[in-house]
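The sequence and the structure come next, and the explanation follows them.

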Amino acid sequence: MSMPIAAPGQLNLTESPSWGSRSVDCFEKLEQIGEGTYGQVYMAKEIKTGEIVALKKIRMDNEREGFPITAIREIKILKKLHHDNVIKLKEIVTSQDDNKYKGGIYMVFEYMDHDLTGLADRPGIRFSVPQIKCYMRQLLTGLHYCHVNQVLHRDIKGSNLLIDNEGNLKLADFGLARSFSNDHQGNLTNRVITLWYRPPELLLGTTKYGPAVDMWSVGCIFAELLHGKPIFPGKDEPEQLNKIFELCGAPDESNWPGVSKNPWYVNFKPTRPMKRRLREVFRHFDRHALELLERMLTLDPTQRISAKDALDAEYFWTDPLPCDPKSLPKYESSHEFQTKKKRQQQRQHEENAKRQKLQHPQPHGRLPPIQQSGSRPQMRAGPNQPMHGSQPPVAAGPGHHYGRPRGPSGGGRYPPSGTSGGYNHPTHGGQGGGYGSGPYPPQGRAPPYGSSGMPGGAPRGGAGSGYGAPPNYPQGGPYGGSGAGRGSNMMGGNRNQQYGGWQQ
Ligand SMILES: Nc1ncnc2c1ncn2[C@@H]1O[C@H](COP(=O)(O)OP(=O)(O)OP(=O)(O)O)[C@@H](O)[C@H]1O
């Protein structure tokens, strides 16, 4: 497989002279398809050519900080990546009328019909095994290309994997991505990657990491595709680690040499033995799938499989083989934002109907059975359950001014957590999830800059609280007070099901 590397100087050669100089008026906005932490995403039509594109508006709420650093990073990185499995940034356009001082800035992307979350969440969708293999192979190919080009994505999740009606899958949303160098592992922030997809080394506070962090997220997505729902739906970092340890076993010096050097290991070291149960829990998975999953969800990042090796795994070379993307069924466009909106409307409708029924009881006659929202048809291959939209609490970086709070609203979406435990937690031993007052951290995405990413660093901006530091934590310690993150989503998973199954 040829894996072109973008030469540093090559970038401007292909750049059209009009980059950044055209007005957004060259496009007609058709409908909103996404609500990113950094602004809305619209489906739009280029008036001159009729070409359909996606316009991502860069939020410029904060006048003090100027142009968002994450947008600068995303643009810079996307300009050097050119691959079939990486979203193509076509140009930047501006508008004058948004703000009389700064104007609006939009990124113009090739349009993709779906994101994986939105697609998986469609009623009636059921992915076949060759289809899952096909998506996984494209995901790994795109990621391998990023890693070869020394780019870490750092936010791999379903809603950032875009799929078109030709069956192509492309990595998108490089807002948290950054360059790394193999020989110099610098201090990077550990507050990246949406919580449910975040690897144990980041949760244990490391600031020296590499491509293996993305591979953990890929493992979570792979398992989710096969299992039918998210496998680690933690509601805060301690609970997230607990869920990981319950399935993957507790880390120690024998299975993860050097683990005890992780900054927060002492705080989260399990006090009871926890065996690896992955093989047992997912024993119904295909043998080769399970083998690959084992290697992706390896606790020790140095032993975790790379994207390149994963592509060579038996799983992709045994029957049924991955299908040709072009042979995949075409679906009506589905983005997580829209499916979520539809679900909300449906829920609202059901509630209204219920209320009306209570107000006007009908003593006689039997009503037809009410269509419950949970009775949607099966989706996905194998043992999958129907999946419903869900949102992991998010994370990433210290709070930031322009990350508009969003995401799950209010409490009660998660069942009470009684399963966490075994932590050597200063005050909350055995009660994972009991941090702070609110069930969620606020949902603003914060960029991985400033404060050098260290937990003790002063977070910029004010998205704090949510899981404030327990009394015994040193100020600025793990998960204290710097709640943050980016609101986002993933492939479905019914809240009511998420503790079912193997996580007894
Ligand atoms: N090129 C595109 N084509 C079609 N839809 C897109 C495209 N880019 C983004 N979207 C839709 O918009 C959503 C949000 O986009 P994106 O993830 O880039 O924004 P963000 O501000 O970084 O969001 P988040 O905080 O959720 O990660 C995506 O999940 C997807 O559904």
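A residue is called buried if 20 or more other C-beta atoms lie within 10 Å of its own, exposed if 12 or fewer do, and partly exposed in between, with C-beta atoms placed from the backbone. The helices (H or I, at least four residues) and strands (E, at least two) are DSSP runs, numbered from the N terminus. The model is a predicted one, in which local features need pLDDT of at least 70 and side-chain atom pairs count only at pLDDT 80 or more, while totals for chains, interfaces and linings use all residues. Residues are numbered from 1 along each chain as its sequence is written.

The protein has 504 residues, and 49% of them count as buried. Its secondary structure comes to 11 helices and 11 strands. Two residues are in contact if their C-beta atoms, placed from the backbone, lie within 7 Å. Among contacts between residues at least 6 apart in sequence, 74% join residues at least 24 apart.

Begin with strand 6. Two strands are said to pair if DSSP finds at least two bridges between them. Strand 6 (residues 104-110) pairs with strand 5 in the antiparallel sense over 6 bridges. In that pairing Ile92 stands opposite Met107, and Leu89 has Phe109 of strand 6 as its bridge partner. Strand 6 also pairs with strand 4, again in the antiparallel sense and over 6 bridges; here Tyr106 of strand 6 is the bridge partner of Lys57. Because 5 of the 7 residues of strand 6 are buried, this strand is largely enclosed by the rest of the structure.

Strand 5 (residues 89-95) has a further pairing, with strand 1 (residues 22-23), in the parallel sense over 2 bridges. Arg22 stands opposite Val93 of strand 5 in that pairing.

Strand 4 (residues 52-58) is also the place of Lys56. UniProt lists Lys56 for "binding site", in an unreviewed entry. UniProt positions are given in the numbering used here, feature names are shortened, and annotations may be inferred rather than shown by experiment. In the model, Lys56 is buried because 25 other C-beta atoms lie within 10 Å.

Another sheet is an open one of 3 strands, in the order 7-9-10, with antiparallel pairing. Its edge strands are strand 7 (114-115) and strand 10 (169-171), each of which pairs on one side only. Strand 7 is joined to strand 9 (residues 161-163) by 2 bridges, and Asp115 has Leu162 of strand 9 as its bridge partner. Helix 3 (residues 129-148) packs on this sheet and touches strand 9 and strand 10; the direction of helix 3 makes about 30 degrees with that of strand 10.

For such geometry, axes are lines fitted to C-alpha atoms, for helices over the stretch in contact, and angles run from 0 to 180 degrees between N-to-C directions. Angles under 35 degrees count as roughly parallel, over 145 as roughly antiparallel, 65 to 115 as roughly perpendicular and the rest as oblique. Helix 3 also packs against helix 5 (residues 212-227), at an angle of about 170 degrees and with the axes 11 Å apart. Helix 3 is therefore roughly antiparallel to helix 5. Where they meet, helix 3 supplies Ile132, Met136, Leu139, Leu140 and Leu143, and helix 5 supplies Asp214, Val218, Phe222, Leu225 and Leu226.

Helix 6 is mostly covered, with 12 of its 12 residues buried. Among the elements that cover them are helix 4 (200-203), helix 7 (265-268) and helix 8 (278-281). Helix 6 (residues 237-248) reaches 16 Å from its first C-alpha to its last, close to the 16 Å expected at 1.5 Å a residue; the expected span is 1.5 Å times one less than the number of residues. Gly249 follows helix 6 and has a positive phi, near 85 degrees.

Some backbone values in the loops deserve a look. Most residues other than glycine have a negative phi, and most peptide bonds are trans. Gln150, in the loop between helix 3 and strand 8 (151-152), has a positive phi near 60 degrees. Gln150 is partly exposed, because 16 other C-beta atoms lie within 10 Å. Ile193 lies in the loop between strand 11 (178-179) and helix 4, and its phi is positive, about 75 degrees. Ile193 counts as buried because it has 28 C-beta neighbours inside 10 Å. Finally, the peptide bond from Asp319 to Pro320 is cis, with omega near -5 degrees. Pro320 is found in the loop between helix 10 (307-311) and helix 11 (336-359).
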